[in-house]
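The following paragraphs lead the reader through a structure one part at a time. Please keep the sequence and the model in view while reading.

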Amino acid sequence: MKIAISVTAPEQNASFEPRFGRAAAFVLVDTHSGEQQALANPAAQFGGGAGIRAAEFLVRQGIDAAISGAFGPKACGVLRTSGVRLYRAESGKPDALVAGLLNGDLAEQEHGE
Amino acid sequence: MIIAVASGKGGTGKTTAATSLALSLAPEQRVLFLDCDVEAPNAHVLLHPTITQKKDATILQPVVDADRCGMCGMCAEVCQYNAIAVVGQRVLVFPELCHGCGSCALNCAWGAIRETPHSLGTLAYGHTSEGIRFASGTLHVGQSWAIPVISQLKESLPASADETVILDAPPGTSCPVAETIRDADFVLLVTEPTPFGLHDLKLAFELTSELELPTGVIINRDGIGDARVDDFCAQAGLPVLLRIPMDREIAAGIAQGIPLVTLKPAYRAQLKETVLALAEVSL
């Protein structure tokens, strides 16, 4: 499973960023291979539609799940249409958040908020 | 001649001034009154028009034919407003972000995008008992695109050459105001002699200066506050064309939907003189 986590900087151990569309970067974790990458969010500075573009960017990366503070209705529409499952968190480093998701500790978001 | 009545600050008396201007001219001249404050149109409260026709103000937005779509993503790439996303085998359109520019349809190599009208608001047309042609636009609740409603309101009632057009603008200095006033021959900025009135008058004057529109000032509730609006107008070379005093009788009458010139007929002559002065300046 490939999981994206919204973070404050394009670094593998960056801090969690609760905003999704305007997060500075995303850490992508592949739970099978253990591979991690940090990617800058191309939509971070957009005036409008940042959630849509960030979601589209992550879908192209082939993610199966995303962890953020909350997903707005438009980002949620793009991600869920693409079969991506959405999980909410409050804080933590990417590794701990992925472990939390796998343990079933994170709440799943079904609709845009 | 097209006269726009604008303000910057809300609640200064734009509609009070605009409606009385229309009523002062109407007995002898042809007048077209457009209420362009589409988020809160209320000139009808003072003019009491009979509405004879209504139609939708619309924006063209994309509808994607999934059978023809090649999923190339070009529509999303060219969209400056991020209103389209192409993910997997789906094209998602977000109408609330779409400005209706048509770039997606123009750039679609598959002929899969059809532009379809979506209603943004209602345009209402009619006339008053004094013979003023009247039209107003009302943006639907939940819609944010005031500009197409304003532009369609202005387009759909072309004025004849001998008709004076009065545009009642929204408050503020953003796009809906610019759209209302940009083709006016003259802008009347209504203000009040308070720090709030002065602050927003300066902003509104920046806008009319940027648009290179001849501008004059009406000071409403004259006698309250201080002299700084007058000082600013003198420094900026802005003519003060009319003063309406702070008057309990006027306030009470307008609160009951009675126009200024009905309450105080002496303003008819003053308003007509104002228009004559504008005609000299702007034509």
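**Chain A and its fold**

Along the sequence, chain A follows the pattern β-β-β-α-β-α-β-α-β. Chain A thus holds three helices and six strands, where helices (H or I, at least four residues) and strands (E, at least two) are DSSP runs numbered from the N terminus. The radius of gyration of chain A is 12 Å, close to the 13 Å that the globule rule gives for 113 residues, so chain A is as compact as a globular protein of that length. This radius is taken over C-alpha atoms, and the globule rule is 2.2 Å times the number of residues to the power 0.38.

The model is a predicted one, in which local features need pLDDT of at least 70 and side-chain atom pairs count only at pLDDT 80 or more, while totals for chains, interfaces and linings use all residues. Residues are numbered from 1 along each chain as its sequence is written, and chains are lettered from A and ligands numbered from 1 in the order in which they are written.

Taken along the principal axes, the C-alpha atoms of chain A fill a box of roughly 35 × 25 × 25 Å. Of its 113 residues, 42% count as buried. A residue is buried if 20 or more other C-beta atoms lie within 10 Å of its own, exposed if 12 or fewer, and partly exposed in between, with C-beta atoms placed from the backbone. Two residues are in contact if their C-beta atoms, placed from the backbone, lie within 7 Å. Among contacts in chain A between residues at least 6 apart in sequence, 43% join residues at least 24 apart.

Gln45(A) counts as exposed because it has 9 C-beta neighbours inside 10 Å. Gln45(A) and Gly112(A) are 67 residues apart in sequence, and their C-alpha atoms are 21 Å apart in space.

**Where the chains meet**

How many residues of chain A are in contact with chain B? There are 13 of them, and they are in contact with eleven residues of chain B. The elements that give two or more residues to this side of chain A are α1 (50-60) and α2 (73-81) of chain A. Of the elements, α1(A) gives the most, with five residues. By type, the residues on this side of chain A divide into five nonpolar, five polar and three charged. Here Ala, Val, Leu, Ile, Met, Phe, Trp, Tyr, Cys and Pro count as nonpolar, Asp, Glu, Lys and Arg as charged, and the others, Gly among them, as polar.

**Domains and strands of chain B**

The domain assignment of chain B, whose bounds come from an automatic or database source, gives domain 1 (2-48 + 129-282) and domain 2 (59-119). The C-alpha centres of these two domains of chain B lie 39 Å apart. Four residues of domain 1 of chain B are in contact with four residues of domain 2 of chain B. On the domain 1 side, the residues divide into two nonpolar, two polar and no charged.

Two strands pair if DSSP finds at least two bridges between them. β3(B) and strand β6 (residues 113-127) of chain B pair in the antiparallel sense over 14 bridges, and the bridge partner of Thr58(B) in β6(B) is Ser119(B). β6(B) also pairs in the antiparallel sense with strand β7 (residues 133-139) of chain B, over seven bridges. β6(B) and β7(B) form a hairpin with five residues between them, and Gly131(B) in the turn has a positive phi of about 95 degrees.

**Two residues with positive phi**

Most residues other than glycine have a negative phi. His48(B), in the loop between α2 (44-47) and β3 (50-64) of chain B, has a positive phi near 50 degrees. Met71(B), in the loop between β3 and α3 (74-78) of chain B, has a positive phi near 55 degrees. His48(B) is partly exposed, with 15 other C-beta atoms within 10 Å, and Met71(B) is partly exposed with 14.
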